[in-house]
Amino acid sequence: MTLGMLAILLAEGGGSGPFSVNPGLIIWTWIVFLVFLFFFRKTFWVTIVSRAEEREKTIAGQLAEAERLNAEAKALLAEQQKASAEAKSAAQSLLAEARAAAEKERAHGVEKGRLEQEALLDRARRDIAAERDKALVELRREAVELALGAASKVIGQRLDAESDRKIVLDYLAKAGGNH
Amino acid sequence: MMQEAQHGASEGVNIGEIVLHHTSDGYAIDFEPFGTIEWHKWPDIHIGGLTLNLTPTKHVVFMIFAAALVLVAMWYTKRSLIKQRAHQRAPTGFAGFIEQLVLWIREDLAIANIGKNGPKYAPFLVALFFFILAMNLLGLVPWGATATGNLAVTAALALMVFLVVEIGGFMAMGAKGYLGTIFPHVEGVKGIGGVALTLFMAPIELLSKFTKPFALAVRLFGNMVAGHFVILSLIGIILLFGSWIIGGPTAIVLAAIMLLETLVAALQAYVFVLLASTFIGLMQEAHH
């Protein structure tokens, strides 16, 4: 049986046996398939696959959008962080500046106060000294007047006022030099 | 008595004749016992040394029938899908099945193997799958014939895949990249050794370009023809012995084989398309 089949196979090898290739059939296959493919593509492909493609497009779009948003958010975050850091450093420098200014102001105020106080004290001292001197001079003159008055009374004559005074003053100066 | 019966039955039964009659191409379609449609062979055409006969054969008729069948199924699918989508319903039934099948081939075969150019090749691959599937299945219906059981048909399909692979590769990689698939650059070997190795590899690479479609053609053809040989031989055994004792169990085996062949018909269509998409994908990448 097998041998018989083989014999038939071999006998029909060039004709219509299973292993023969009919070139006409190759051309027919191409024609039929290409026509089939054309109609398949034109008519059904879009309908069957459109939704899947749409979905894919939507998902791809969403992914791209998400990526874009993510990148944007990251950029914004970085910007924000930069701005925050900048603000922080600015605030810190401002604070330091203010502190320094305050310190300076305080020192300046203290110094000024001290100077003023000193000036005041000085003036007061000077005033006091002047007043004292004045009082002293007054007192002296009073004393001289009194002494002269008393002396003239004692001597009973009017002394030459100017020369007498000079004597007294000299005396007083001598006496003042002692204390 | 049984020997006599056997002898008597075998007189008229020639299994080899049955097998070849049903698998070989011809210019007639049998509808026994309802008759036979026969037609005349057209005259040969001579182009150079090639003799060409463009008479549509039995396999051509079944091929066109398969294509028409797929188109009708697709038309029905399209109509159902549009109706189902208009009602905001999920695809169900036959249309839903076809939709899933199409999307599966598109995503898991075309896009998975070819990559970003996958959607471009998807219509070709899906059409190829349904075309082959329909041709394969037509061989399993009564009076049917398998066009894919003809080496010319599978060779034509494989040649087409070959052209798609090579032209697609050329388009994707450019002339330089394409030449790299014939004259491969061998990593890590420099100078004269590298050149020699490249030249040595060229015939192998060229050969591999042609063995791929050859394997495609022979695999599909072999599977279809072998399946039909088995089925027809079993039918032949039933006819040969003409007895219930042998015919009964044989018929059960035959039914099982028929089921197996249905699976094989789908499987071989899948394998053909899977390999086609793999070959296309391999050529799409610059690094061969």
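The model is predicted, so local features need pLDDT of at least 70, side-chain atom pairs count only at pLDDT 80 or more, and totals for chains, interfaces and linings use all residues. Residues are numbered from 1 along each chain as its sequence is written, chains are lettered from A and ligands numbered from 1 in the order in which they are written, and side-chain values use heavy atoms, with hydrogens and water left out.

**Where chain B meets chain A**

- Chain B brings 54 residues to the contact and chain A brings 36 residues, where contact means heavy atoms within 4.5 Å.
- About 4,100 Å² is buried between chain B and chain A, and carbon and sulfur atoms give 79% of that area; buried area is the accessible area (1.4 Å probe) that two parts lose on being put together, summed over both.
- The rule finds 2 residue pairs in polar contact across this interface, both at pLDDT 80 or more. A polar contact is a pair of N or O atoms within 3.5 Å; within protein, one must be able to donate a hydrogen and the other to accept it, and residues adjacent in sequence count only if both atoms are side-chain atoms.
- Helix 3 of chain B gives the largest share of the side that touches chain A, with 14 residues. Helices (H or I, at least four residues) and strands (E, at least two) are DSSP runs, numbered from the N terminus.
- On that side of chain B, the residues divide into 37 nonpolar, 9 polar and 8 charged. Here Ala, Val, Leu, Ile, Met, Phe, Trp, Tyr, Cys and Pro count as nonpolar, Asp, Glu, Lys and Arg as charged, and the others, Gly among them, as polar.

**The nonpolar cores**

- The largest nonpolar core has 72 residues, and B:Leu128 and B:Phe130 touch the most other members. A nonpolar core is a set of buried Ala, Val, Leu, Ile, Met, Phe, Trp, Tyr and Cys residues joined through side-chain atoms within 4.5 Å; buried means under 20% relative accessible area, exposed over 50%, and partly exposed in between (1.4 Å probe, protein chains only).
- Both chains supply this core: helix 2 (23-155) of chain A is among the elements that give at least two residues, and so is helix 8 (244-284) of chain B.
- Helix 5 of chain B gives the most, with 15 residues.
- Leaving out residues up to four places away in sequence, B:Phe130 touches B:Val70, B:Met74, B:Ile98, B:Leu101, B:Val102 and B:Ile105.
- A second, separate core of 9 residues includes B:Ile15, B:Val19, B:Phe221 and B:Leu240.

**Salt bridges**

- The count over all chains is 10 salt bridges, but between chain B and chain A it is 0. A salt bridge is a side-chain nitrogen of Lys or Arg within 4 Å of a carboxyl oxygen of Asp or Glu.
- A:Glu103 and A:Arg106 form one, at 3.0 Å from N to O, and both lie in helix 2 of chain A, 3 residues apart, about one turn of the helix. A:Glu103 is partly exposed at 44% relative accessibility, whereas A:Arg106 is exposed at 51%.
- B:Glu166 and B:Lys209 also meet in a salt bridge (3.1 Å, N to O). This pair links distant parts of the chain, with B:Glu166 in helix 6 and B:Lys209 in helix 7 of chain B, 43 residues apart. Both B:Glu166 and B:Lys209 are buried.
- A:Glu65, A:Arg68 and A:Glu72 are joined into one network by salt bridges that share partners.
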